[in-house]
Amino acid sequence: MAAHADDRFDVLHWWTSVSERRAVDELAARADDEGIAWRNAAIPGGAGIGAMKVLKARVLGGRAPDSAQLIGPAITEWAELGLLLELDDVAAAGNWNTKLFPTIWTLVRQRGHVVAAPLGIHRINVLFYNRKVFADAGLTPPKTWAEFDRVADALARRGVTPLAQSGQPWQVATLFETLALSEGGPGFYRSLYARRNSNLWFDARVTRALNRLRELRRYASQGEPSWDVLARSLGRGDTAMFIMGDWVKGELQALGKGVDADFGCIAVPGTENMHLYSVDSFVMFAGNYSTQPEQEKLAKLMVSPSIQASYNHIKGSVPVRRDADTASMDACARSSWRTFARGADVLAPSMVHRMATDETLKDAIIAQLHRFYSDDHVPVGEIQRRIAGLVRTLAEQGGDDK
């Protein structure tokens with residue numbers, strides 16, 4: 001049943017790149033088949049910073065969308081305000097408790113109620129490389145940081161920018177959190193962010209990650225381009241490597257590039273068999289419950305096996321379902337899905353991409369990391385003291401410094 005144009009279903013999100021728009025179009029087309037007239041409220045801006053501001057303004061103004069993209073702890077924060085539709089009946093009918101990975105099942109529940117529909121899992125500790133550039137230089141993808149330095153030096157001598165990297169704050173912080181994972185592993189990483197232990201920011205593993213962040217600048221592209229612009233530079237061969245979430249894969253595919261022919265992906269050095277993750281999910285705002293049938297229908301659709309397969313292929317992510325068909329996945333997706341399936345011991349929730357902590361702490365850490373990356377005169381110890389102080393202050397306010 002086609003939806004009617006005068007009964008539009010408002011969906012707020014921050015997907016505006018080529019591949020993201022295609023993923024949204026896939027969802028919208030399937031929603032239309034179910035009688036839901038999906039209307040995009042797409043807010044540009046990497047990592048959803050602008051979208052969250054717009055969402056807050058709309059809710060405060062009494063114009064909440066029917067559905068909105070939310071990630072990680074933000075789901076709980078909105079649920080605690082009593083603004084989200086509970087999706088318990090949809091989840092029960094679809095056996096989400098057994099079909100979803102345990103980490104995903106925990107993520108979408110608050111006080112025993114299901115309050116979000118999960119769409120896909122992104123792996124962030126991915127090193128993408130241009131196959132032709134590497135082949136022409138006779139190089140193999142680096143699995144250690146020593147190998148990375150040798151490869152990067154060889155590429156630089158050939159006149160190729162070794163690393164695609166933006167100076168945008170969220171992209172700098174994304175690079176740092178992969179380095180923190182590389183230095184400390186999942187357990188240390190989770191403690192660093194989720195437990196708000198301020199003393200950990202003085203740990204030698206953080207010192208090494210910060211030093212590596214600064215060292216990588218000599219191999220990196222300049223300026224503050226958006227991530228999709230950097231993906232295109234990698235696809236053209238203007239840059240050789242890109243450390244970023246696997247949404248880059250979706251963008252390269254949208255540009256006609258293939259995993260086997262044009263680019264490859266491996267785990268960031270030191271993070272093999274680890275999964276730094278972010279989960280795309282949507283919540284439904286309760287409002288006056290006039291659109292509840294459509295909201296429940298959309299939630300059911302998002303978790304369905306067919307949408308999980310088609311959407312995640314376009315987006316670059318992998319399904320949230322434990323029964324996903326790995327035979328239909330490319331090598332990058334298969335590695336991500338299988339690593340996530342190993343369970344909690346290998347998992348690290350992304351700080352930058354709203355999985356590990358609240359907005360206030362996230363924004364404060366990102367600002368300090370950007371300052372450090374942008375100014376060579378800022379000592380490593382100073383940034384450690386600044387971030388530790390912020391963590392301590394916010395933990396004292398929340399009473400959860402452990």
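Among contacts in the chain between residues at least 6 apart in sequence, those joining residues at least 24 apart make up 78%. The model is a predicted one. Its chain has 402 residues, and 57% of them count as buried. The secondary structure consists of 17 helices and 12 strands.

**Overall dimensions**

- The radius of gyration of the chain is 21 Å, which agrees with the value near 21 Å that a compact globule of 402 residues would have.
- Along the principal axes, the C-alpha atoms fill a box of roughly 60 × 50 × 35 Å.
- The chain exposes about 16,100 Å², and 48% of this area is supplied by carbon and sulfur atoms.

- Helix H11 spans residues 227–236 and is mostly covered, with 7 of its 10 residues buried.
- The buried residues in H11 are Trp227, Asp228, Leu230, Ala231, Ser233, Leu234 and Gly235.
- Several helices are included in what covers these buried residues: H1 (18–33), H9 (169–193) and H12 (247–254).
- Strands S7 (126–130), S8 (161–164) and S9 (239–243) are also included in that cover.
- Just after H11, glycine 237 takes a positive phi of about 90°.

**Serine 19**

- Serine 19 is placed in helix H1.
- Its relative accessible area is 1%, under the 20% limit, so serine 19 counts as buried.
- With neighbours within four places in sequence left aside, serine 19 is in contact with Trp227, Trp247, Gly250, Glu251, Ala254 and Ile314.
- Serine 19 and leucine 255 are 236 residues apart in sequence, while their C-alpha atoms are 8.3 Å apart in space.

**Threonine 271**

- Threonine 271 lies in a loop, with strand S10 (263–267) on one side and strand S11 (275–284) on the other.
- The relative accessible area of threonine 271 is 0%, so this residue is buried.
- Its side chain reaches the backbone oxygen of valine 268 at 2.6 Å.
- Apart from neighbours within four places in sequence, threonine 271 is in contact with Arg123, Asn125, Thr178, Leu181 and Ser182.

**Salt bridges**

- Side chains of opposite charge can pair when their charged atoms come close.
- The structure holds 20 salt bridges.
- One of the salt bridges joins aspartate 136 to lysine 132, with 2.7 Å between the closest N and O atoms.
- Both aspartate 136 and lysine 132 lie in helix H7 (residues 131–137), where they are 4 residues apart, about one turn of the helix.
- Aspartate 136 is partly exposed at 46% relative accessibility, whereas lysine 132, at 56%, counts as exposed.
- Glutamate 382 meets arginine 371 in a salt bridge, at 3.1 Å from N to O.
- Glutamate 382 is in helix H17 (residues 380–398) and arginine 371 is in helix H16 (residues 359–374), so this pair ties together parts that are 11 residues apart in sequence.
- Arginine 371 has a relative accessible area of 31% and is therefore partly exposed.
- Glutamate 382 also forms a salt bridge with arginine 386, again at 3.1 Å from N to O.
- Glutamate 382 and arginine 386 both belong to helix H17, 4 residues apart, which is about one turn of the helix.
- Arginine 386 is partly exposed, its relative accessible area being 37%.

**Aromatic side chains**

- The count of aromatic pairs comes to 14.
- One of them is the edge-to-face pair of tyrosine 193 and tryptophan 201, with 5.8 Å from centre to centre and 75° between the planes.
- Tyrosine 193 and tryptophan 201 are both buried.
- Trp15, Trp38, Phe282 and Tyr311 form one aromatic cluster.

Terms used. Residues numbered from 1 in each chain as written. Predicted model: local features only at pLDDT ≥ 70, side-chain atom pairs only at ≥ 80, totals over all residues. Heavy atoms only, no water. Helix = DSSP H or I, 4+ residues; strand = E, 2+ residues; numbered from the N terminus. Buried < 20%, exposed > 50% of the residue type's maximum accessible area, 1.4 Å probe, protein only. Polar contact = N/O pair within 3.5 Å; in protein donor to acceptor, adjacent residues only side chain to side chain. Contact = heavy atoms within 4.5 Å. Salt bridge = Lys/Arg side-chain N within 4 Å of Asp/Glu carboxyl O. Rg over C-alpha atoms; globule rule 2.2 N^0.38 Å. Areas by Shrake-Rupley, 256 points an atom, 1.4 Å probe, with all protein chains shown as cover. Phe/Tyr/Trp six-rings, centres within 6.5 Å; stacked < 30°, edge-to-face > 60°.
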